Amino acid sequence: MAYLGFISQSAVIGFIALLGAAAISDVRTLTIPNSYCLGIVLCYPFYVLNSAQGVDWLGGLLVCGSLLAVGFALFTTGRVGGGDAKLLAATSLWAGPGLLVDFVLITSLAGGGIALLLYARHRWARRASLATLVPGEASPDFAQQPMPYGVAIFAGGVYVAFTLLGLV
């Protein structure tokens, strides 16, 4: 297990806590406050400056900036929410180039699982509304339903955090 000092460990724990708060907010309100994304970014220098091992902070900044640009482009076309784009970029800062592929893979798999769960809920709600002849809340177009993707980003981010703590 890689040794991390108290301040570095605290920064990683703060990162996990802020990711969790963002995921909970996304589930409850389908919004991710900017303060959570900013907090995740602000915890990163404490990790970098106090980590016993070398950290590719420049690579992390490049990954973060790249994903922020891609996320902004997707947001302007209405494909992702602004909070999701910012949270993905902030979390990728911690992943850096070394953990980026694993982070994206785990986030994608978790997002697919969430989509399947929401689809099953959608189908059940439509079937129930047809059976009772009462209009349901589920839209006939499932693709237009909002999805709390912050939960998937949380899953990928927790993997990154556990890897940085030497737990994975």
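In what order do the elements of the protein run from the N terminus on? They run α-α-α-α-α, in a model that is predicted.

## Ground rules

Residue numbers start from 1 along each chain as its sequence is written, and side-chain values use heavy atoms, without hydrogens or water. Because this is a predicted model, local features need pLDDT of at least 70 and side-chain atom pairs count only at pLDDT 80 or more, while totals for chains, interfaces and linings use all residues.

## Overall picture

The secondary structure comes to five helices and zero strands.

Of the 168 residues, 36% count as buried. Here buried means under 20% relative accessible area, exposed means over 50%, and partly exposed lies in between, with a 1.4 Å probe and protein chains only. Now for the contacts, which are heavy atoms within 4.5 Å: among those between residues at least 6 apart in sequence, 74% join residues at least 24 apart.

Helix 1 covers residues 6–29. The expected span of a helix is 1.5 Å times one less than its number of residues. For the 24 residues of helix 1 that gives 34 Å, and the end C-alpha atoms are 34 Å apart, which agrees. Its buried residues include Phe15, Leu18, Leu19 and Gly20.

Ser25 also belongs to helix 1 and is buried, with a relative accessible area of 14%. Apart from its neighbours within four places in sequence, Ser25 is in contact with Leu30, Thr31, Ile32, Pro33 and Tyr36. One of these partners, Leu30, sits in the loop between helix 1 and helix 2. Leu30 is not a glycine, yet its phi is positive at about 60°. At 42% relative accessibility, Leu30 counts as partly exposed.

## Helix 2 and its cysteines

Helix 2 spans residues 34–50. It has 17 residues and reaches 25 Å from its first C-alpha to its last, close to the 24 Å expected at 1.5 Å a residue. The buried residues of helix 2 are Cys37, Gly39, Ile40, Cys43, Tyr44, Tyr47 and Val48.

## The largest pocket

About 590 Å³ of space lies in the largest pocket. Of the 27 residues that line it, the closest to its centre are Arg79, Val80, Gly81, Asp84 and Tyr149. A pocket is an open set of points on a 1 Å grid over the protein atoms alone, where a 1.4 Å probe fits and protein lies on both sides within 12 Å along at least five of seven lines; lining residues have an atom within 4 Å of a point. The volume is the space filled by probe spheres set on the points, which are joined across faces, edges and corners.

Helix 3 (57–76) and helix 4 (82–132) each supply at least two lining residues. The largest share, eight residues, comes from helix 4. By class, the lining has 14 nonpolar, ten polar and three charged residues. In this scheme Ala, Val, Leu, Ile, Met, Phe, Trp, Tyr, Cys and Pro are nonpolar, Asp, Glu, Lys and Arg are charged, and the others, Gly among them, are polar.

Conventions:
Helices (H or I, at least four residues) and strands (E, at least two) are DSSP runs, numbered from the N terminus.
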